Amino acid sequence: MIILLMIALLLVFALLAWSVEKYLIQAPKIIALIALVIVSLLFCFQLFQAEHSFETWTVIVDATWIEAFNIKLQFSLDQLSILLISLTLLLACIAIAISWQEVSERQGFYYFNILCAIAGIIGVFVASDVFLFFVFWEVMLLPITALIAIWGHESRYFAAVKFFVFTQVSSLCMLVAIIMLAFMHQQQVGQFSFLYSDWQQLAFSPETATFLMIGFFIAFAVKLPSVPFHSWLPDAHTQAPTAGSVLLAGVLLKTGAYGLIRFVILLFPNASMQFAPIAMTLGVVSILYGAKMAFAQSDCKRLIAYSSISHMGFVMMALFAFNYNAFNGAIVTIIAHGISSAALFCLAGMIYHRIHTRDLARMGNIALSAPWMAGVTLVFVAAAFGIPGLANFIGEFFSLLGVFAVSPLHALLATLGMIGSAIYGLRLFQTAFHGVKPDNTATKIEDLSIREGAICLVLAVLLLLIGIYPQALLQFTFQGGY
């Protein structure tokens with residue numbers, strides 16, 4: 001019951017943080033940090049006291065919820081969900097730390113939304129009753145929308161509405177598929193069931209399996225995001241506060257990849273294999289389109305947002321290659337992109353907090369006054385464009401290796417995306433930190449504080465550790481049922 005306790009504690013601390021904001025202005029952020037520390041310790045205790053290896057999806061909580069429809073509070077864990085929950089808790093702590101001095105208005109409600117979003121995301125990664133999964137899927141949507149709409153930048157309302165509409169419409173596609181599967185279980189077995197394990201036993205005609213698979217695919221391709229379902233992402237990232245961008249890029253996009261693995265590839269393996277050429281092509285298009293658009297941006301957050309579309313294209317392409325090396329590459333890319341993109345958005349937020357602009361042309365020669373910031377930015381940019389020795393290289397290398405064995409053309413085209421990422425990454429670094437402004441002046445800003453330096457150090461060390469010793473991730477069972 002520890003997983004259920006973790007989610008309940010996050011929601012209770014969220015309400016507590018909101019309720020005390022009128023009386024203790026600084027208390028909400030301290031409460032949020034304490035909540036995440038307690039939940040992280042509980043999660044470690046859950047893993048160490050369990051007798052399972054979690055090589056397969058193992059049920060750890062099973063209780064009746066809505067008896068009339070046979071809906072259960074069933075939570076399961078495997079090594080994939082453990083890895084993604086660990087990433088979520090890490091980046092949630094980073095999101096709290098980066099907001100420490102950035103957010104001064106309505107702090108209680110702000111941290112309420114962050115903790116609710118984390119509770120929803122953890123629920124998504126552990127729910128094995130699909131009705132429960134859908135509830136958590138919706139729970140994590142509303143707080144992120146609120147973060148964009150209330151604490152975002154100048155066009156925050158438009159970005160929040162666009163994000164909400166895209167994700168809601170895509171969720172409806174998934175809801176239709178869920179309802180159909182529950183009715184099919186009633187027809188074949190005699191009672192409703194929303195359990196993932198029960199649905200794996202159902203018999204489908206090829207046409208029905210393809211229809212249901214596409215319902216789930218659209219929902220998760222929007223969240224990934226993949227071209228042509230991507231247009232909400234640049235606006236949401238650009239307008240969101242820094243913590244919102246960290247959670248969006250670092251964690252929320254990963255729920256799309258998780259859904260593709262769990263509810264598309266593993267639940268409908270034959271239909272997914274038939275659909276694989278289309279999905280891999282969408283992945284390659286996302287890689288090239290994202291890289292091209294990133295190069296064309298003058299807004300640094302928008303540039304990082306388009307780079308996310310490009311990097312997540314590698315994940316889409318690798319997952320549908322149905323190759324062991326490609327699948328492992330996709331998992332490493334998910335983790336590596338979560339860390340590196342969160343780091344880049346943190347740095348974009350730090351710069352914006354100092355000079356109140358995201359326009360690269362108005363930065364110029366920042367390295368003169370902020371050499372430490374320039375140094376860590378170069379590390380994160382290098383990670384993003386896949387320099388050997390850092391985590392992203394391992395993920396994209398294994399992805400290309402696996403995809404090449406299946407479709408050399410897709411792999412060769414995807415390598416152009418790696419070249420593109422080096423070009424737009426160096427442009428970002430050069431223009432902001434060494435570029436010359438029209439008036440030949442340097443932008444003077446304060447260098448990293450101890451708190452900011454600690455955030456960057458943690459993220460840089462993780463990227464380096466995975467890059468040097470990828471076996472730390474690859475030792476887990478990421479076979480994905482292939």
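The following conversation goes through selected local features of a predicted model.

Student: Which residues form the nonpolar patch on the surface?
Tutor: The patch consists of F295, L409, L413, L416, I419 and I423. Together these residues have about 570 Å² of accessible area.

Student: And which helix gives the most to the patch?
Tutor: Helix 17, residues 408–434, gives the most, with five residues.

Student: Take L413 in that helix. Why does L413 count as partly exposed?
Tutor: L413 is found in helix 17. Its relative accessibility is 32%, and partly exposed covers the range between the 20% limit for buried and the 50% limit for exposed, so L413 falls in that class.

Student: Changing topic to aromatics: how many aromatic pairs does the structure hold?
Tutor: There are 32 aromatic pairs in the structure. One of them joins F194 and W199, a tilted pair with 6.5 Å from centre to centre and 50 degrees between the planes.

Student: Are F194 and W199 buried or exposed?
Tutor: Both F194 and W199 are buried.

Student: Which residues do ring pairs link into a cluster?
Tutor: The cluster holds W57, F133, W137, Y196, F204, F216, F220, F263 and F268. Two of its tryptophans also have a charged residue over the ring. The charged end of K223 sits over the ring of W137, 3.9 Å from the ring centre. R262 lies over the face of W57, also at 3.9 Å from the ring centre.

Student: What about T88: which backbone oxygen does its side chain reach?
Tutor: That is the backbone oxygen of L84, at 2.7 Å. T88 is part of helix 3, residues 79–99, and counts as buried because its relative accessibility is 1%.

Student: On to the backbone. Where is P225, and what is the peptide bond from L224 to P225?
Tutor: P225 is in the loop between helix 9 (206–223) and helix 10 (232–239). The bond from L224 to P225 is cis, with omega near -5 degrees.

Student: And the peptide bond from V227 to P228: cis or trans?
Tutor: The bond from V227 to P228 is cis, with omega near 10 degrees. P228 likewise lies in the loop between helix 9 and helix 10. Most peptide bonds are trans.

Student: What is phi of F322?
Tutor: Phi of F322 is near 50 degrees, a positive value in a residue other than glycine. F322 sits in the loop between helix 13 and helix 14 and is partly exposed, at 22% relative accessible area.

Student: Where is H356 found, and what is its phi?
Tutor: H356 is found in the loop between helix 14 and helix 15 (371–384). Its phi is near 55 degrees, again positive in a residue other than glycine.

Student: Why is H356 classed as exposed?
Tutor: The relative accessible area of H356 is 56%, and exposed means over 50%, so H356 is exposed.

Key: Residues numbered from 1 in each chain as written. Predicted model: local features only at pLDDT ≥ 70, side-chain atom pairs only at ≥ 80, totals over all residues. Heavy atoms only, no water. Patch = residues over 30% accessible without salt bridge, like charges linked within 9 Å, V, L, I, M, F, W, Y side chains within 5 Å. Areas by Shrake-Rupley, 256 points an atom, 1.4 Å probe, with all protein chains shown as cover. Salt bridge = Lys/Arg side-chain N within 4 Å of Asp/Glu carboxyl O. Helix = DSSP H or I, 4+ residues; strand = E, 2+ residues; numbered from the N terminus. Buried < 20%, exposed > 50% of the residue type's maximum accessible area, 1.4 Å probe, protein only. Phe/Tyr/Trp six-rings, centres within 6.5 Å; stacked < 30°, edge-to-face > 60°. Lys NZ or Arg CZ within 6 Å of the ring centre and 35° of its normal. Polar contact = N/O pair within 3.5 Å; in protein donor to acceptor, adjacent residues only side chain to side chain.
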